[in-house]
Amino acid sequence: KPFKKQVFRGHELDKLLEMGSEEIVGLMNSRQKRRFRHGIQGKYERLIKKLRKSKLNVPAGEKPKAVKTHLRNCIVVPEMCNSIVDVYGGKYWNPVEVRADMVGHFLAEFSLTYKPIRHGRVGKGATRSSKFVSNL
């Protein structure tokens, strides 16, 4: 079974990595364009540097070591692809494997800050009715 190509807006990952930063920003949405126009702070550059370092120290065919970050508002750039970022969700670190189709999104979009609840499941949760359900 052939591997699925990693693509962002019709451009493959190899081509994205060769592009200049201006061309990549041109492919993003207006909110992300504005953020890059105002300049990228050092903390985001340090995160990318750590991700680069973790990808260098990994043998071929294995996943790199996850890098922990609180930077939920960091925009995913092509250089971050094929790495693992542990994004803090307020209580837990959520591992996010960055792919090419995530480029232009914020890291927070892939790390929920709440645990989704399911209504109507018998025997789960702290409702009074769950105490009286018989386990046959």
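Student: In what order do the 3 strands of the open sheet stand?
Tutor: This is a predicted model, where local features need pLDDT of at least 70, side-chain atom pairs count only at pLDDT 80 or more, and totals for chains, interfaces and linings use all residues. Residues are numbered from 1 along each chain as its sequence is written, and side-chain values use heavy atoms, without hydrogens and water. Strands are DSSP runs of E, at least two residues, and helices are runs of H or I, at least four, numbered from the N terminus. The pairing is mixed, and the order is 3-4-5.

Student: Over how many bridges do strand 4 and strand 5 pair?
Tutor: Two strands pair if DSSP finds at least two bridges between them. Strand 4 (residues 84-88) and strand 5 (residues 93-97) run in the antiparallel sense. Tyr88 has Trp93 as its bridge partner, and Val87 has Asn94. The count is 5 bridges.

Student: Which residues does Met80 touch?
Tutor: Contact means heavy atoms within 4.5 Å. Residues up to four places away in sequence are not counted. The partners are Leu47, Ile48, Leu51, Lys55, Cys74, Ile75, Val98 and Leu107.
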